[in-house]
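Open the model in your viewer and keep the sequence panel in view. The tour goes stop by stop: select, look, move on.

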Amino acid sequence: MTPSVVLVTGVSRFLGGHLAARLAANPDIDRVLGVDTVPPPRDLLRRMGRAEFVRADIRNPLIAKVISHASVDTVVHASLSANPGSSGGRTAMKEMNVIGTMQLLAACQKADTVKRVVLKSTSAVYGSSPRDPALFDETMVPKDLPSGGYAKDAVEIEGYLRGFARRRPDVAVTVLRFANFIGPRIDTVFTRYFALPVVPTVLGYDARVQLLHEEDALAVLERAASHEIPGTFNVAADGVLLLSQAIRRAGRVAVPLPSAAVGPVSRIFRSARLVDFSPEQMRLLNFGRVVDNTRLRTQFGFTPRWTTMQAFDDYVRGRALRPVVSAEQIESVERGVLSLARTLR
Amino acid sequence: MTARNTQARRGAPVSEARVIPLHPDASGGRTRWRLGKPGVAPVQPPAPEPEPEPVAAEPDPAAWEGALEAALTFARRRFEGDYAVDEFGFDADLTDNLLLPALRPLYQKWFRVETIGMHHVPDVGGALVVANHSGTLPLDGLMTAVALHDDHPAQRHLRTLGADLLFKLPGFGALARKQGSTLACNPDAERLMRSGELVGVWPEGFKGIGKPFRDRYKLQRFGRGGFVSAALRTGVPIIPCSIVGAEEIYPKIGEIKALARLFGAPYFPITPLFPHLGPLGLVPLPSKWYIEFGEPIRTDALDPADAEDPMTVFNLTDQVRETIQHTLYRLLSQRRNAFLG
C-alpha cells in the first residue's frame, strides 16, 4: 500500500515542494525524489528534509533513467503550471505542460517498477460557459471545450494519461481535478488578483467562485500518493463565494469594466506583471465554475477542512490584506446615520 | 396501464373548482374568491386596509427607526460580503431583502395577483411547479416566485429553471442566479429537487412566452418532457400551475424578425406600446392576475426507471399539460375583464 520510492515533479513550486516535504516526513516511504528544472528556494529545500532534489527537465529522456535507476514505484506529476509568467511565456508553458507530460508518461510506461501515477489536473477542463449545469461531476464533458491555454493543456494531458492507463493496466492512475487554490502561502493568479487594491471585474457578470485551501490540496495529493485510489476526482472545497462577495470580504474595491475594455486592461496588467489572466480565466470570471466533490468524500475518502469561505478568509488574514475601507469606518457611518435619524425625529 | 390510471385521476380536479378563502377578513366573514360568483361587481378586492402595511405608512418613530436599522445592517452585510450563497449562486439574503420587496408593489398593486390552491404546494421537501409561460417578458416567473414566498405559509423560495440565453445576458444572468434561477437542464433540476427545493419550470419556453397575442392561453408544445423525467427520477410531486393575466401585460401583436436576428434574440416583439413609445413601452399593462396551483401529481408511486420509458414520460407530460390547459379555460371563463378581473 505505502509506496517505497516516490517521484514528485515540480518541486520548486509550492505544491510539489511541500508535498515532497510531507512525503519525506513519512518514515514508511524509503525515498522521495523531487524533480524540477530549477532548484527550489532555500527555505523550501530545507523543509524538504531527506527528499532528494534531482535537477532534470521532464521533457528530456533523461527522466526515464532517473525513474529506472531509482526503481520509482509512484509518480506524482504536480508540475502542471497555469501561470505563464513564472514558466517563461505561454508557449514555454504549453511545451512544459504537454510535452513534459508525454515524456514523463513514456518513461513511466517503460519502467516496470511504476505502479501508481497521480496527476495534478484542474477543474478548468470543464470549461466555463452559460450553457453548463451549475455543478460539474466527474462524468460530465464541457459544452464548449476550452479553446486554449492551461485548460486545453490539461484536457490534452488527461487524454494522454488515459492512453497510458490503457497501455499499462497494471498501473493505478489517479486524476485530481483541483479547483483554484487559495491560502496564505501559495502564489497563484487568484491570490495576486484579490491582493490588488482595486480589483477589475467584468461588468454585468458575477461568477461563482469555488476555491480550495492550500493545506487541503497538499493533504489530497499526499493521500493520493500514499494510497491506491484510482479514478478521477474533483477536488474542491464546499460552498461558493460570488466574485463580488469575495472582493468585498477581502476589503477590496471592485471596478466593473465593460467587456470591451477588459482585453486592453488585462494586457496592461500583464505587462505590468501584476496579474496575468489567460482568456479561459477571464471566462471563469464571467461565468464561474463549481464542481461536485461528492466522489472525493465517498470514494477518495477525504473531506476538505476549509470551506471556500473559510479558505478565502484564511488567505485574507494570512496575507494581512488591509481593507481599503475598514470595518470601523463602516460602523461609524452606520452609527452616524442612526444618530442623525434620531435627531431628525 | 399507467396512462389509464392517470386518466382516471385527472377527471376529478378539473370538474370541481376548489374555492378557498383568500383573505381572512376583519369583518368576521370570509371573502371568498369572487371569480365564480355571479353578480359581484368586478372591482378592487374589498378590504385592503386590515393587511399589515409596511412601516412606511405608519409614522410610528420606533418602527421607522427599526426599519432604518435593519436596512443599515443589511447594507453593511452586503458591503462586507457577510452572507451565504449556495452552489447555484442563489443569494437568499439579497432575494429576501431587496429583490422580493422590489417586486412586491408590482405583485400587490399593479397585477393584484390572487393565488388559488396554495395548499397544494408542500411546506417542506422537493416539488416541481410546472406552469404556462406567456407575456413576452418572463414576469410570470417572477410573480410566481413572489406568490410562493408571500402567500405560502412556509414562505418557500421558488428555484426557477431558465433558458441558457438568460445566463448569457450580462446583468440579467447574474441577477437571475442570485434570485434562485439556474439553467434548465436535468442535472441542475434533479440536484435541486433532491435537496428538497421547490423548482419552477416553464416547459413551453420561448414558444410560449413569445407567442402572438391571438394565440393567448393556448398552450404550446411542452418541450421533450425533460421536466417529467427529472421529477420521476427524484420522486417529487408535479404541481400544475396555471397563470392567467400574464398574456395581457405585453400583447405581442407583431414582431421584427430582422432585429431579432441582429440581437440574437428569439423574437423582437411589437406591442401596442413598444417599440414606438421607447422605454415607456416597457411598462406592463395592469392586467389582473390569477395563479392557481392544481392538485399535485405524485410520481413517487412510479418507478424511477420509468424516467427512461418514453411512453410514461409522454403520458405524464400530456396529463400535466391538459390539467393546466383546462384550468386556464376555467379561470378564463370565470374572468369578466382582463384588467378588472
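The model is a predicted one.

**Stop 1: a loop residue in chain B**

Select R112(B). R112(B) sits in the loop between α3 and β1 of chain B. Its phi is positive, about 45 degrees, although R112(B) is not a glycine. Is R112(B) buried or exposed? The cut-off for buried is under 20% relative accessible area. R112(B) has 14%, so it counts as buried.

**Stop 2**

Step back to α3(B), residues 92-110. R112(B) comes just after this helix. Where does α3(B) bend? Look at L100(B): the helix bends there by about 40 degrees. A proline, P101(B), follows within four residues.

Now colour the buried residues of α3(B). They are D93(B), L94(B), T95(B), L99(B), L100(B), L103(B) and Y107(B). An α-helix has 3.6 residues a turn, so residues three or four places apart point the same way. Next, show what covers these buried residues. The cover includes α2 (61-80), β1 (114-116), α4 (139-150) and α6 (172-179) of chain B.

**Stop 3**

Select T136(B). Find it in the loop between β2 (127-131) and α4 of chain B. T136(B) is another residue other than glycine with a positive phi, near 70 degrees. Its relative accessible area is 6%, so T136(B) is buried.

**Stop 4: a cis peptide bond**

Move to F274(B) and P275(B). The peptide bond from F274(B) to P275(B) is cis, with omega near 5 degrees. P275(B) belongs to the loop between β8 (269-270) and β9 (290-293) of chain B.

**Stop 5: chain B as a whole**

Zoom out. Chain B holds 11 helices and 9 strands. Of its 341 residues, 46% are buried. Take the contacts in chain B between residues at least 6 apart in sequence: 75% of them join residues at least 24 apart.

**Stop 6: a covered strand in chain A**

Switch to chain A and select β5(A), residues 116-122. How many of its residues are buried? The count is 7 of 7. In a regular strand the side chains alternate between the two faces of the sheet. Show the side chains to see this. R116(A), V118(A), K120(A) and T122(A) point one way. V117(A), L119(A) and S121(A) point the other way.

β4(A), residues 74-77, runs parallel to β5(A), and 4 bridges join them. β7(A), residues 172-178, is also parallel to β5(A), with 7 bridges between them.

**Stop 7: two helices side by side**

Select α4(A), residues 90-110, and α5(A), residues 149-167. Their axes come within 10 Å and cross at roughly 10 degrees. The two helices are therefore roughly parallel to each other. Show the contact. On α4(A), the residues include M93(A), V98(A), M102(A) and L105(A). On α5(A), look for Y150(A), I157(A), Y160(A), L161(A) and F164(A), among others. The contact residues divide into 10 nonpolar, 4 polar and 4 charged. Among the residues here are K94(A) on α4(A) and D153(A), E156(A) and R167(A) on α5(A).

Terms used. Residues are numbered from 1 along each chain as its sequence is written. Chains are lettered from A and ligands numbered from 1 in the order in which they are written. This is a predicted model: local features need pLDDT of at least 70, side-chain atom pairs count only at pLDDT 80 or more; totals for chains, interfaces and linings use all residues. Side-chain values use heavy atoms; hydrogens and water are left out. The bend at a residue is the angle between axes fitted to the seven residues ending there and the seven starting there. Buried means under 20% relative accessible area, exposed over 50%, partly exposed in between (1.4 Å probe, protein chains only). Contact means heavy atoms within 4.5 Å. Two strands pair if DSSP finds at least two bridges between them. Axes are lines fitted to C-alpha atoms, for helices over the stretch in contact, and angles run from 0 to 180 degrees between N-to-C directions. Angles under 35 degrees count as roughly parallel, over 145 as roughly antiparallel, 65 to 115 as roughly perpendicular and the rest as oblique. Ala, Val, Leu, Ile, Met, Phe, Trp, Tyr, Cys and Pro count as nonpolar, Asp, Glu, Lys and Arg as charged, and the others, Gly among them, as polar.
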